[in-house]
Amino acid sequence: MHGLQRTRKTPTVTGIVFILIGMALTGGGAWLIALGGSLFYAIAGLGIVLTGALLIARRRSALWLYALVVAGSVLWSISDIRFDWWPLAARLDVIFPLGLWLLTPWVTRGLDNGNRSPSRASTLPLWGASLLSIVVLGIGLCSDYHDIDGSLPAAVAAAASLPSNDDKQPDEDWRDYGRTQFGQRYSPLKQITPANVKNLKVAWTFRTGDLPGKNDPVETTFEVTPIKVNDTLYLCSQHQRLFALDARTGKLRWSYDPKVQDNPTFQHLTCRGVSYHETIAGALNADGTPAPTDCPRTIFLPVNDGRMIALDADSGKPCESFGEHGTLNLQVGMGEHTPGFYEPTSPPIVSDKILVVAGAVIDNYSTREPSGVIRGFDIHTGKLVWAWDSGAQDENALPSATHTYTNNSPNSWMTASYDPKLGLVYMPMGVQTPDIWAGNRTPLAERYSSALVALDINTGKRVWSYQTVHHDLWDMDLPSQPTLADLPTANGVVPAILQPAKTGNLFVLDRRTGVPIVPAPERPVPQGAAPGDRTSPTQPFSELTFRPEAKLTGADMWGATIFDQLACRITFHRLRYEGTFTPPSLQGTLVFPGNLGMFEWGGIAVDPTRNIAIANPMAIPFVSTLIPRGPNNPSAPNDAHPSGTENGVQPMYGTPYGVDLHALLSPVGIPCMRPPWGYMAGIDLTTKKIVWMHKNGTIRDSSPIPLPFKLGVPTLGGPMTTAGGVTFLTSTLDYYIRAYDVTTGEQLWQDRLPAGGQSTPMTYAIDGQQYVITAAGGHGSFGTKIGDYVIAYKLSN
């Protein structure tokens, strides 16, 4: 009797559940239809509601009807997104299991008032639809529409000679942020190869002991790439503490603490690296006088509170002859001195005479912020030699009792590159803040926004500039160190510069003139800026790009289940979106590529002997919503400005609006755009084509259940490549260092990291042994696990 009662209750309870699910889909689907979206969800929802009603009535026709729902869902899904596995799963992950439940004896025996087991005819359609689902999902599991398979050339017939500044260091060293100031992130070491990379093991681990404090900003990050000179490694941590390590063992030789004060209003707290300079015998200062000899080998340490410190590379003691007892006050000449508003976060450029210093300024806070001035100081004494102020009428005017640098002029926050033969330093420029509304920008402020600028390193005079975004309203500044390489063209080998952009464009220019080598024609872009602002009618679009040509559609929206997939489609249709460069709006604008950018500060790696490049592009849409002034959005700051962040509500004081910036996420916090969100890619720089591209990284460390599904995840950091034919990356959202075959992109090896690896690895050799080094310390706003690890790998015996 009890079994019969349960049999009769099961269809009723199941029917109620079906009705609730169906009503949710029908209601959401109706909303989506009203927004101009797909009819599917409302139709499927009605089918599920009717199935539920028939189940409550214990009618076997419920199985027939639900078979139509399942089959229709499968066919619609194929028409919507083809056989792409993860989007298929999001569309069928509720509907398919519900169909399997209806085929269980607990449901079928309760139909038609519990009469004998249903005939095969009554269940066959649903079995058929379920089998169709399995077949389609199986095909999807074996398909990959996003990868590009190919092989990069092993060598070129007439490989360009190695850059001249490579000749200044042994193959075993890594003396600059990008190994050389060409920014190539390439090592000529060959000991580690695709055949033996699987034998890499941890050689040593160093703990800095530097972790975020309770008064630190969210954006506290361990992004460093160490440098190696002779037998010593030099690296800095989040609070700009400097460590000198024995390159053989990782043992601490000395350390220096600049004693940065905790301040939650800093927007950033990071140090991407330090710079090294070696004074030659008989060296002269920039003014022609003999150079001091107290620090023949110097480490330059940028400090986030607006200092540049010079330290003896052997002892860690400040260089007394540099600045004020080893310290430059970079706030001198600034018209705005609020702590945390000006923050050098990247290593400076060094020449035999000049130290080139730039810095970050706080984003989206106000129209009164420190200048983005770039300065050249005497490398030995720290005396100011020149200034280049991108927002000034006289770009090279020096400060005086009556003149300060231009407040709020565009800055350069990432490491520059330098060609000593041409005497040019290449500055990737930001934009005048606030970033998202620009109705108040003057022509002077716009000249070099989001541009690549070449300066004479000895005078600071601008030689050329190339603007990659006009009237930038999306924070699409140049986030990466430019990379210099000599590339083959129809006119012979040309000294080139490659500049990754947040837009996904890779601009390739003649570094002598700034003239494009790869065409970047101007194309019309969406118009209609917010009241009081304007837009550029066109933007440059490089023909070498990772930016998807097709616009996003509702079909590109994803989700963990059909419900948040529907929610994402509703959100998508509620936003303004007309393609790349859709202006920010009060309605809310979908920005894709998003504000995080397809390229970030990690840049690319270039092998100059093979004329190839390795990149790790990513793709996450953002939402940009302008907020009019009101009670909860005052026109002026309170006593203290908000805690440092680059996401969420930004005040943009001095403009008519604040702005809410965030990634486009589903209700359960996963990206609304279907995966992959991150790739590894190989580019042939002879043909200027992308040859291979593979999704990269898993959701193991970002999903509630630690499943190692390879979706392709975002990255913060960049690749490093070697003459041995192996490239390395540690910057993914999951906690791994990985090695890839440079030729094909095949993943060859990985090792688990103890924290997030939002950094760029490097490699060096000592005593005939090649090492690979990475920092694993996490990233506050990226949400990865925090740590203080520096880990070295070498081949096991």
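**Entry 1: salt bridges**

I began with D144, which forms a salt bridge with K695, the closest N and O atoms being 3.5 Å apart. I looked up where the two residues sit: D144 lies in the loop between α7 (120–141) and β1 (186–187) and K695 in strand β33 (residues 689–695), so the pair ties together parts that are 551 residues apart in sequence. I noted that this is a predicted model, and I read every entry below with that in mind. D144 counts as partly exposed at 33% relative accessibility, while K695, at 19%, is buried because the cut-off for that word is under 20%.

Next I turned to E278, which forms a salt bridge with R175, with 3.8 Å between the closest N and O atoms. This pair also links distant parts of the chain, for E278 is in strand β7 (residues 275–278) and R175 is in the loop between α7 and β1, 103 residues apart. I found E278 partly exposed, with a relative accessible area of 40%, and R175 buried, with 12%.

I then looked at R241 and D210, whose salt bridge has its closest N and O atoms 3.6 Å apart. R241 is in the loop between β4 (232–236) and β5 (242–246), D210 is in the loop between β2 (200–207) and β3 (227–229), and the two are 31 residues apart. At 0% relative accessibility D210 counts as buried, whereas R241, at 26%, counts as partly exposed.

For the whole structure I recorded 33 salt bridges, and I also noted a network of them that links D231, D246, R248, R253 and D767.

**Entry 2: aromatic rings**

I recorded 24 aromatic pairs in the structure. One of them is W101 with W106, a stacked pair with 5.9 Å from centre to centre and 20° between the planes. W101 is partly exposed at 34% relative accessibility, and W106 is exposed at 54%. Elsewhere I found W85, W86, W558, W677 and F709 linked into a cluster by ring pairs.

I also looked for charges over rings, and noted R523 over the face of F541, at 4.3 Å from the ring centre, and R752 over the face of Y736, at 5.0 Å.

In helix α5 (residues 95–102) I listed I95, F96, L98, G99 and L102 as buried. Seen down the axis of α5, these buried residues fall within an arc of 160°, so they line one face of the helix.

Last, I looked up a nonpolar surface patch of about 380 Å², made by I16, L20, M23 and I56. Helix α1 (residues 2–34) gives the largest share of this patch, three residues. I16 lies in helix α1 and is partly exposed, with a relative accessible area of 44%.

Methods. Residues numbered from 1 in each chain as written. Predicted model: local features only at pLDDT ≥ 70, side-chain atom pairs only at ≥ 80, totals over all residues. Heavy atoms only, no water. Patch = residues over 30% accessible without salt bridge, like charges linked within 9 Å, V, L, I, M, F, W, Y side chains within 5 Å. Areas by Shrake-Rupley, 256 points an atom, 1.4 Å probe, with all protein chains shown as cover. Salt bridge = Lys/Arg side-chain N within 4 Å of Asp/Glu carboxyl O. Helix = DSSP H or I, 4+ residues; strand = E, 2+ residues; numbered from the N terminus. Buried < 20%, exposed > 50% of the residue type's maximum accessible area, 1.4 Å probe, protein only. Arc of directions from axis to C-beta. Phe/Tyr/Trp six-rings, centres within 6.5 Å; stacked < 30°, edge-to-face > 60°. Lys NZ or Arg CZ within 6 Å of the ring centre and 35° of its normal.
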